[in-house]
Amino acid sequence: MQLIIDELAQRWAREPRLRQCIVAWRWFAGAAHEGLQQAAQRLGVAAQIDVDGLCRAFFDWVRLVELHAHLEPRDPLDFRHAMAALLAQQLFATQGHGHIAGLLTIEADAMPAATAAAAQTMTATVTAAMPAATAAAAADAPAGAVGATSSVRAGTLITSLALTLLQALRLQLGAPALRPDPGTAASWASYLENAAQDPSTAIGYLDQMCGLEPQWTAPAQIDARPALQHAGAGLRHG
Amino acid sequence: MKPSLLPARRTAPTQQSTLTAVELSLKDGARAFSLHAQLCAQWLVRDVGPRLAQRMGPLGPGGRLQPLHGLVESAARQTLTQLEAVQHRVAATALADERMRALDFTLLPLQDYLAGNDARNPSGLFADVFYWLIRHALALLNEPHGRWLVQQRLVDEAWWRLQRALQAAAPPSTAAAGPGSGQAPPGQPPLALQCALLLRALQAAQPIREATLAPWLAAHDAPAAGMAQPAGAAGSMGPVGVGQAATATAAGSAVPAGAAGGTTAAAATESSAGSAGSLGTALPVMLAVVLAVASVPLHGQGDAAACLHLGQTIAAARLTAFEAALLHPSPQDALAAEFAFVLRHLDPCN
């Protein structure tokens with residue numbers, strides 16, 4: 001599954017002050033809007049973004065980033081992974097898992113006619129590449145499970161945005177491009193379900209997808225991340 | 001004694017002039033009269049008309065009084081339409097504020113509104129712009145037209161309250177503001193602190209009123225207690241904001257015990273029925289307005305509509321945090337910290 005929107009990531013990576021921009025609402029609002037809409041197009045759905053919800057998630061996320069900013073010099077790359085994971089956590093938390101979506105409202109049938117045809121081709125490609133469980137949930141869900149399907153799609157969009165931003169941050173640091181592995185169908189479905197119910201688990205799953213060692217016991221405890229701890233120990237001993 | 005390197009602080013009068021107060025009261029009175037006339041006409045058309053018709057007897061195709069009912073209703077509707085048209089024409093021509101009315105103007109940096117550069121009417125620019133910003137912020141919150149009345153005299157009064165607070169809160173050390181606390185010209189408090197003081201000044205002045213409330217119930221028709229206090233006194237801004245945020249519920253709720261802290265008079269006047277009724281709406285509106293103006297770059301201009309939308313979005317997102325700041329034992333510092341946090345995460349250039 002192509003979770004990262006490469007063109008966007010590369011464009012954002014060219015922004016000279018990306019690290020500062022990403023924590024500025026005026027930049028982030030535009031970027032998030034574009035990222036979520038492009039991800040929705042890839043999935044062949046129309047997504048309505050609640051700006052108030054996005055703003056709430058942004059400031060809650062930025063508060064967490066500020067709180068842990070002192071850890072950044074230890075391992076800037078791992079800190080960027082933590083930033084992206086915390087963003088996913090906040091977006092999942094704002095989205096919620098009830099009937100009222102706080103961030104994204106997914107309307108599969110609400111696409112403009114012009115884009116619907118183009119999206120249909122894209123959906124076939126994306127769905128074919130999706131883990132079986134997600135594809136089944138997204139495409140073949142029974143009528144009663146419309147909420148669940150929306151939640152799956154919203155989760156996919158949120159993950160896509162977080163990973164695309166992470167890719168841009170990595171590229172700007174000169175790190176190699178990321179190819180996240182969504183895992184098996186079962187682990188992908190489990191990720192979306194767990195993240196919807198307990199957003200902090202998104203951090204562990206995202207680390208796992210990126211090939212990092214997840215911290216399952218307290219994923220939101222950024223200073224307990226293995227990479228940051230090793231770097232901290234190195235600094236102390238050095 | 002060595003001469004100070006800091007610019008001399010401008011000595012501003014500390015009170016709204018009687019002439020301004022009278023002029024703005026007349027303007028507010030005219031606006032209130034116009035609004036009430038409109039509400040009255042609407043009431044006649046929507047409520048009294050149908051009831052009268054109901055009492056007049058059977059209507060419908062065979063009813064004998066149908067033509068009369070139609071006549072009454074059409075006359076009432078015509079009156080309402082004419083009233084609205086006249087009100088609009090008068091407002092557009094006599095008040096010369098079409099662009100403000102349409103939210104089609106540019107905002108200046110906050111310092112420009114606080115500077116009081118017009119010696120004859122130092123608070124005039126602030127009173128005009130903030131009056132309209134508050135009205136538009138109310139509309140953005142989808143508050144029904146005619147429910148709230150904004151009093152420009154009280155917006156003007158907020159400026160004078162703010163001047164006293166700024167004078168009290170601008171020790172020389174604050175001139176060197178840290179990153180993210182917002183830039184401000186030397187000798188002035190950081191932008192975040194100015195925003196905190198402005199929010200509290202607006203909250204204390206309470207320019208938003210229930211339109212249906214009789215004017216004589218409005219607390220501010222009595223001399224405002226805060227106005228009589230010496231500049232910089234702890235209670236000059238009053239702890240009203242604390243009580244307001246916490247008790248923004250039922251009309252008539254009292255300021256919580258302990259919150260008054262020596263400003264009994266202010267607390268007593270400002271916890272009247274009229275004031276408390278508007279509090280739930282007041283904080284998000286004032287916050288949106290303050291954030292809108294604070295979002296304008298220090299040396300630039302901002303599209304008022306875009307800034308107000310931005311202010312409203314952030315106010316909605318951070319309302320809980322601002323409410324918590326108002327309940328903090330040191331609300332001014334807590335508010336300034338929250339404003340600083342928001343402002344440093346607004347623009348990439350910060």
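User: Which residues does B:Phe130 touch, and what makes these count as contacts?

Analyst: In this predicted model, B:Phe130 touches B:Leu110, B:Tyr113, B:Val155, B:Leu198, B:Leu202, B:Val289 and B:Val293, leaving aside residues up to four places away in sequence; these are called contacts because heavy atoms lie within 4.5 Å. Local features here need pLDDT of at least 70, and side-chain atom pairs count only at pLDDT 80 or more, whereas totals for chains, interfaces and linings use all residues. Residues are numbered from 1 along each chain as its sequence is written, chains are lettered from A in the order in which they are written, and side-chain values use heavy atoms, without hydrogens and water.

User: Why is the pair B:Arg344 and A:Glu66 called a salt bridge?

Analyst: The closest N and O atoms of B:Arg344 and A:Glu66 are 2.5 Å apart, and the term requires a side-chain nitrogen of Lys or Arg within 4 Å of a carboxyl oxygen of Asp or Glu, so the pair qualifies. Across the interface of chain A and chain B, the rule finds four salt bridges.

User: What makes up the side of chain A that touches chain B, by class?

Analyst: That side has 10 nonpolar, one polar and seven charged residues, where Ala, Val, Leu, Ile, Met, Phe, Trp, Tyr, Cys and Pro count as nonpolar, Asp, Glu, Lys and Arg as charged, and the others, Gly among them, as polar.

User: How many residues of each chain are in contact?

Analyst: In chain A, 18 residues are in contact with 17 residues of chain B.
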